[in-house]
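I opened this notebook page to record what I looked up in the model, one topic at a time.

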Amino acid sequence: MALPPQDERTLPAVVLQDLDRRPLEHALGELQSLVDQYGHVIVVCSQAVPASVERRLHTVRGLLETDRIALFRPPLPPLGIAVLARQLRQLASCDLSPGVLASAGRLLTHYIHAGALLGSVTRLDRVPVDLKAHARSWVPGSQFGVVAHPAPQLVKIGPEAGLHGPEFGTWLLVARGQLPSDWVTGTLAPSWHVQGLREMALPAESADWWGTGRLTEFCAYLPDLSVLYQLVTSVRQSTCHWCGIDVIGDRCVFCSATPPVYDEGGRDGGRDRALGHRRDAALGRRRERRALTG
C-alpha cells in the first residue's frame, strides 16, 4: 500500500501488483526494468501477504542473478508497513547510499508503534491473547486495544484502559475499518501526546492480519525528514566484506552477508559488533541502539 507523499520531497512508490498471479516472465521484466532504471530496488513486503508472493520474489531475484534487490519483511502490521515504506521514500531523496537506505528500514522499525482497536480477538494470532480475553470477545459490544509493535500489549476497552506509547514526539495515522475510531482519536491520541493526526483508508491486508474486519488500525511514527535523516546518519556505517556496499547494522540487506567474527581479545575485537550505546541527538535523549538483525 502506497501512502500519499508526506512532503514535496517524498519519492513515488512502485506497487508490485499481483506478483504471484502474473506470469513469471512479467515479474522478471518488471523487476529487471526497475533495477536498470534505478540501480537498486528495495522491496518492502508485509508478512500478511501469501507465502507465494515471497517465493515469487526470491525466485525473481535468483533468476536475475543480482544482489541489487533487497527484500524486507518487517514484523509490522499493514499500516505500519505502509508508514515505513513512506519513510524510506522520504529518505530516498537524501544523499544516502542504497545500502544505508535499505538498512535504515531495520533501524526505523524500532521507532514505529503500531496497533489496532478490535471488536474481537478470537482469531488474533499476532499478539498473545489469554483465555480471559478470548472469553470477553464473546460479550456483545466488547472492544480491545492492541499494540503489536514494538512490544505486544492488549487491554479491554474501559474507563481505565490505556496502552503504553512512544516516549518521543510522533504523529498518529488512523485507518478505520468496520469499527468507529472514537477511542483511538479521542482517548489514545491524547494519552500518547501525538503532535498531529491523519486518517486514511484501511489497508487491504489489515482484516487478515488482525483476524477481524471490525477494527480501526493506528500507527504512531516520526514524520519529519530531518529527524529521520539524523537518526540514520548518526549510526556507524561499515562496508559489506562480501559485496562492498555501505551498510548500517550487522547484516547486508542486499547479499545477506554478516561481518566476519573477530577474536574479542585481538586487535580488531568488537570492530564489527552491532551498534552500542549512543546519544540519540534526533530525539534528544540517550537510547540503546539495538542490533539491526533481520
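**Entry 1: Ser181.** I worked from a predicted model, and I began by listing what surrounds Ser181 once its neighbours within four places in sequence are set aside: the residues in contact with Ser181 are then Val174, Arg176 and Thr216. I placed Ser181 itself in the loop between strand S6 (171-176) and helix H6 (182-191). Is Ser181 buried or exposed? With a relative accessible area of 4%, Ser181 is buried, because the cut-off for that word is under 20%.

**Entry 2: the sheet.** I then traced the strands and found an open sheet of six, ordered S5-S4-S3-S8-S6-S7, in which the pairing is mixed. Strand S5 (153-156) and S7 are the edge strands, and because each has a single partner strand, one side of each is left without a neighbour in the sheet.

I went through some of the pairings separately.

**Entry 3: strand S8.** I gave S8 an entry of its own. S3 and S8 run antiparallel and are joined by six bridges, and in this pairing I looked up Leu117, which stands opposite Thr216 in S8. S6 and S8 likewise run antiparallel with six bridges between them, and here Ala175 stands opposite Glu217 in S8.

How many of the residues of S8 are buried? I counted seven of its seven, so that the strand is mostly covered. In a regular strand the side chains alternate between the two faces of the sheet. In S8 I read Leu215, Glu217, Cys219 and Tyr221 as pointing one way, with Thr216, Phe218 and Ala220 pointing the other way, and all of them are buried.

**Entry 4: aromatic pairs.** My list of aromatic pairs came to three. Among them, Trp192 and Phe218 have ring centres 5.8 Å apart and planes at 80°, and the pair is therefore edge-to-face, for which the angle has to be over 60 degrees. I noted that this pair links distant parts of the chain, 26 residues apart, with Trp192 in the loop between H6 and strand S7 (196-201) and Phe218 in strand S8 (residues 215-221). Both Trp192 and Phe218 are buried.

I also looked up Trp209 and Trp210, an aromatic pair that is edge-to-face, at 4.7 Å from centre to centre and with 65° between the planes. Trp209 is buried at a relative accessible area of 5%, and Trp210 is buried at 0%.

**Entry 5: salt bridges.** I found four salt bridges in the structure, and I followed up several of these. In one of them the side chains of Arg22 and Glu30 meet at 2.7 Å, N to O; Arg22 counts as partly exposed at 23% relative accessibility, as does Glu30 at 22%.

Which residue forms a salt bridge with Glu54? I found Arg73, with the closest N and O atoms 2.5 Å apart. Because Glu54 lies in helix H2 (residues 51-64) and Arg73 in the loop between strand S2 (69-72) and helix H3 (78-91), the pair ties together parts that are 19 residues apart in sequence. Glu54 is partly exposed at 28% relative accessibility, and Arg73 is partly exposed at 25%.

A further salt bridge joins Asp125 to Arg126, and there the closest N and O atoms are 3.9 Å apart. I noted Asp125 as exposed, with a relative accessible area of 62%, whereas Arg126, at 33%, counts as partly exposed.

**Entry 6: helix H8.** Last, I listed the buried residues of helix H8 (residues 225-233), which are Leu225, Val227, Leu228, Leu231 and Val232. Around the axis they cover an arc of only 165°, and therefore they sit on the same side of H8. An α-helix has 3.6 residues a turn, so residues three or four places apart point the same way.

Note on methods: Residues numbered from 1 in each chain as written. Predicted model: local features only at pLDDT ≥ 70, side-chain atom pairs only at ≥ 80, totals over all residues. Heavy atoms only, no water. Helix = DSSP H or I, 4+ residues; strand = E, 2+ residues; numbered from the N terminus. Buried < 20%, exposed > 50% of the residue type's maximum accessible area, 1.4 Å probe, protein only. Contact = heavy atoms within 4.5 Å. Phe/Tyr/Trp six-rings, centres within 6.5 Å; stacked < 30°, edge-to-face > 60°. Arc of directions from axis to C-beta. Pairing = 2+ DSSP bridges.
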